[in-house]
Amino acid sequence: MPICTDDKKRLLYLHIPFCESLCPYCSFNRIVFDESLSRRYWQALRQEIVLYKQKGYDFNGVYVGGGTPTIQIDELAETLDSLRSTFSIKEISVETNPNHLDPAHLDPLRRCGVNRLSIGIQSFDEGLLKAMDRYDKYGSGPEILKKLKDLSGSFDTVNADMIFNFAAQTAEILNRDLDMLLESGVDQVTYYPLMASNVIRRRMEEKIGSVDYRREARYYHQIVSRLLPTYRFSSVWCFSRKPAMVDEYIITYDEYAGIGSGAFGFLNGTCYANTFDITGYIDRLSRGEPSLMASRAFSVSDRVRYDLLMMLFGLHLDFNTFMTRYGESAWRHLALPIIGLRMLGLIRNRFGEYYVTDKGRYYALVMMREFFIAVNNFRDFCRNRQEGGPRTHE
């Protein structure tokens, strides 16, 4: 981990790999909750945070994902309180599940200054919830809807995380989900396309059927037509009523540090991954060692293409950012992609700036979906090379 020598806007991502049970479509690093192991993990997590402080890093935002970050609310609250006293934190987003929408979990989050609560719903449909092993854990669609309504005004932003293009999902099922979302009044909706790794996709085929990408565009346009104009685009698949933090912090922060087992980070032009072995992660941090498993320094060309993808995902190409980061050399790497995007009608020039067109939004979604599938495949690769300890995926 290099010493920080600048004041870039950075986010701290914390990965909590524990769940009450494991959903069949998830590619993230996670295991079934073990309280003793989890207590040790949270202690190691806080030790890793100290390492970043010692290297001179500061962070403006925190995003806590998983897994289920709220599975041990006392440890989460202690960690968030520590972060707020250590860094220049201005916004905090935490993921959770519908079964944790109760005072025992929500009150500590509010006390810790959480601005945005992102709730994993995926669908309100009873059949899909049962196929995903979520019905018994989190309740029926109407029960989840009531909890969402009761949350109104509890946080600056209440986000509903949804997924579309499950094998058994029909246009009618999707329409009912959209009806319930609009009825819920949530501040923000993130509607991900299904983007499982190759390993997870094969397991899903056995359990809930094959992914059919031929209907993905139709379902996406159905989502857009129903959510607009009540919501506005924050990204190609995030819809907000007002300006707010989004799940894809990579489009709003210059860089981010990944904390925890299986976390990814991007700092000083280098992308890196922490070990996916949870006990190995704990042991390393207990010795004061970094938990790095793999890293790759991006060339200027890599970084420009990465920034271009993130800006397409965010629907606006900010050329001032390119010029500030890369100078005149940015155009050497951007010229051909920009010409191609314009010729295909995927971006347009307006008042000297480029914006993604209606046609371009779905193509940007496909590019980002493939990017995340590649990341998920890399997660599978890392898990296969982990150093021992408990299995981190089932």
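Analyst: Helices (H or I, at least four residues) and strands (E, at least two) are DSSP runs, numbered from the N terminus. This is a predicted model, in which local features need pLDDT of at least 70 and side-chain atom pairs count only at pLDDT 80 or more, while totals for chains, interfaces and linings use all residues. Residues are numbered from 1 along each chain as its sequence is written, and side-chain values use heavy atoms, with hydrogens and water left out.

User: Which elements each supply at least two residues of the lining of the second largest pocket?

Analyst: On a 1 Å grid over the protein atoms alone, a pocket is an open set of points with protein on both sides within 12 Å along at least five of seven lines, and lining residues have an atom within 4 Å of a point. Here β11 (255-259), α11 (300-313) and α12 (319-326) each supply at least two lining residues, and the largest share, five residues, comes from α11. The lining has 23 residues, with Ile250, Ile251, Thr252, Met311 and Arg325 nearest the centre of the pocket.

User: How is the packing of two helices described?

Analyst: The description uses the angle between the two axes and the distance between them. Axes are lines fitted to C-alpha atoms, for helices over the stretch in contact, and angles run from 0 to 180 degrees between N-to-C directions; angles under 35 degrees count as roughly parallel. Helix α1 (residues 35-54) packs against helix α2 (residues 73-86) at about 10 degrees, with the axes 10 Å apart, and the two are therefore roughly parallel to each other. Their contact (heavy atoms within 4.5 Å) involves residues including Arg39, Trp42 and Arg46 of α1 and Asp74, Glu75 and Glu78 of α2.

User: At what angle do α6 and α7 pack?

Analyst: Helix α6 (residues 141-150) and helix α7 (residues 171-184) pack at about 25 degrees, their axes lying 9 Å apart, which makes α6 roughly parallel to α7. Among the residues in this contact are Leu145 and Leu148 of α6 and Met180 of α7.

User: Where are the cis peptide bonds, between Gly66 and Gly67 and between Leu228 and Pro229, and what is omega in each?

Analyst: For the bond joining Gly66 and Gly67, omega is about 20 degrees, and Gly67 is found in the loop between β4 (61-66) and α2. For the bond joining Leu228 and Pro229, omega is about 5 degrees, and Pro229 has its place in the loop between α9 (216-227) and β9 (232-233).

Key
On a 1 Å grid over the protein atoms alone, a cavity is a set of points where a 1.4 Å probe fits but cannot get out, and a pocket is an open set with protein on both sides within 12 Å along at least five of seven lines; lining residues have an atom within 4 Å of a point. Angles under 35 degrees count as roughly parallel, over 145 as roughly antiparallel, 65 to 115 as roughly perpendicular and the rest as oblique.
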